[in-house]
Amino acid sequence: MYDLQQLFSQLKKITLNRNTQPEQAATIEELIKLSQDHDGHKRENAVLRLGMMGDPVAFPCLIIRVNDWVPQVRDAAVKALSKLMIDENVEAIIQCLPQVYHLQNCHRANHQDVIRQVEALLLTETNRCHLLAAVQSANSYVARLCLSLVIEHQVVDAQTLLPMAFASKDVLVRAQAFRWSGVHYPQVLETHYLSLLNDKFMPIRKASLKHLLMATNNAQVAEKGLVDRHSSIRELAVKHCQANGNDVVAFYREHLTKDASTKAAIWGLGYLKCVDDLDKIKYFHQHGTPSLRKQALNSLLKLDSHNSLAYLLNGLKDPSPSVCKESARLMVKTRVYLNAKALMDIICGSEHRHTARACVALSHQINKWERVVFLLMLMSNEQVVSMFDEGQIKSELANWGDDYNRSFNQPTQAQIDEISVLMAGVPATRFSEHFGSFAHALKTLGIHKRV
């Protein structure tokens, strides 16, 4: 009997060693993978062991398991997380704040206790410095959440917080700090207005300039606004200078030859309708810098509106895609409509693909039957078709089909005749599913394609 008991005892030890040895040798990477297993028991076991290992690398994985569909796994994940919530892991926990707060939108259980436990750890005297430093985190989501925590729990005073928040690369962090301090600590914010004139976010620069101009008639501040890169800020500065009797025209004429502020000067002379400077603006319309040509185009439309069409057509043929796009935008804004022949002439007279694409976009503004003429002209011209890929042409045909019933305009007899001639000139290779539906719509006019 003794021998049998000893034998059973040895067999039990062997069995236990076989079952536990692989688990003891499992790495954290293997346990993280096992925590995603379809078997709930394996997930629960992996989660508990991750908690005992105490490695903060497991934190993101455990947060996911906190919302597991199996209650036992959720409970195990909460216990495991509580073991990881120590001061040594606080920096890793801060990086997981977006996932932690995402639990607010997960409803398999109430996760508020987990969230409050994380917040309590971060808000201790020992860890507040880490929380404050994370306001400048490279991870925008982390920075925003840390700022909200610092503000909500008044971790530091405004004098300490604002310089850190305004130095953040994330625009929403800077904007939130600006709004919050403007409401609760306007006197502290006043000390930052001057430096915020250099902020990359236009609304912050504009609000700062507005407050500075209201407080004092500072010529240097106003001049900085006159050459700001955004037109709405320049408008604010112009109106302030005019109200205080400053010669804004002379200022812009002087800066027309200064590289750093030439673009603003071109805008200013156009905005102020300085017709005497028309020849100077025309010079920049042919300048080698695309941004100056683009701004000159806008100003010329204000100073020389009688020749606006010529400027816009030249802009469409510009070698710079940005100038071409701006010209097309201004055509739509000023309601300048070109017929099919005019658009095709521009495309054929230019070697730039962006010009062709801009003309196709402008064709959406014209009568739907005139657009049919344009599309048929395009498809029958091999040189023009080579500027597009097949998908772009199919897309345009599909767009026309989608818009077909939005207008009940009927074609003129001249358009019908022209469409009939052009249909005969479209190569049979152009047939596709989209061209078939396009041709079917034209059959209602008695226009048939003969193959």
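**Notebook: cavities first, then the rest**

The lining of the largest cavity has seven nonpolar residues, one polar and one charged. My classes: Ala, Val, Leu, Ile, Met, Phe, Trp, Tyr, Cys and Pro are nonpolar, Asp, Glu, Lys and Arg are charged, and the others, Gly among them, are polar. The model is predicted, so to speak of local features I need pLDDT of at least 70, and side-chain atom pairs count only at pLDDT 80 or more, while totals for chains, interfaces and linings use all residues. Residues are numbered from 1 along each chain as its sequence is written, and side-chain values use heavy atoms, with hydrogens and water left out.

**Entry 1**

The structure holds two cavities of 30 Å³ or more. On a 1 Å grid over the protein atoms alone, a cavity is a set of points where a 1.4 Å probe fits but cannot get out; a pocket is an open set with protein on both sides within 12 Å along at least five of seven lines; lining residues have an atom within 4 Å of a point. Points are joined across faces, edges and corners, and a volume is the space filled by probe spheres set on them.

The largest cavity holds about 70 Å³ of space. I listed its lining: Val360, Phe374, Leu375, Leu378, Met379, Phe388, Gln392, Ile393 and Glu396. Helix 26 (368–379) and helix 28 (390–403) each supply at least two of the lining residues. Helix 26 gives the most, with four. Helices (H or I, at least four residues) and strands (E, at least two) are DSSP runs, numbered from the N terminus.

The second largest cavity has a volume of about 40 Å³. Met331, Val336, Tyr337, Leu338, Leu343, Leu362, Gln365 and Ile366 line the second largest cavity. By class, that lining has seven nonpolar residues, one polar and no charged ones.

I turned to the largest pocket. About 430 Å³ of space lies in it. It is lined by 20 residues, and Trp267, Gln295, Asn298, Glu326 and Arg329 are the closest to its centre. Two or more lining residues come from each of helix 17 (231–243), helix 19 (262–271), helix 21 (290–303) and helix 23 (321–333). Helix 21 has the largest share, seven residues. By class, the pocket lining has four nonpolar, seven polar and nine charged residues.

Gln295 lies in helix 21. Buried or exposed? Gln295 counts as buried because its relative accessibility is 10%. Buried means under 20% relative accessible area, exposed over 50%, partly exposed in between (1.4 Å probe, protein chains only). Not counting residues up to four places away in sequence, Gln295 touches Arg234, Lys263, Ile266 and Trp267. Contact means heavy atoms within 4.5 Å.

I checked the cover on helix 4 (residues 59–66). Six of its eight residues are buried. They are Phe59, Cys61, Leu62, Ile63, Arg65 and Val66. They pack against helix 2 (28–34), helix 3 (40–53), helix 5 (71–84), helix 6 (90–95), helix 7 (97–102) and helix 8 (112–122).

Asn127 lies in the loop between helix 8 and helix 9 (128–133). Asn127 counts as buried because its relative accessibility is 1%. Beyond its neighbours within four places in sequence, Asn127 is in contact with Asp87, Val90, Leu121 and Leu122. Asn127 and Asp87 are 40 residues apart in sequence, yet 7.0 Å apart in space, C-alpha to C-alpha.

**Entry 1: positive phi**

Most residues other than glycine have a negative phi. I noted two with positive values. Phi of Gln154 is near 50°. Gln154 lies in the loop between helix 10 (140–152) and helix 11 (158–166), and Gln154 is exposed, with a relative accessible area of 62%. Phi of Lys273 is near 55°. Lys273 is found in the loop between helix 19 and helix 20 (278–285), and Lys273 is exposed at 52%.

**Entry 2: whole chain and confidence**

The chain has 30 helices and zero strands. Of its 451 residues, 44% count as buried. Among contacts between residues at least 6 apart in sequence, 61% join residues at least 24 apart.

I finished with pLDDT, the predictor's confidence in each residue, from 0 to 100. The chain averages 86, and 88% of the residues score at least 70. Among the elements, helix 12 (residues 171–184) has the highest mean pLDDT (96) and helix 1 (residues 2–25) the lowest (52). Over residues 18–25, pLDDT stays under 50, and the model has five contacts beyond four places in sequence for them. Where pLDDT is low, the predicted coordinates should not be read in detail.
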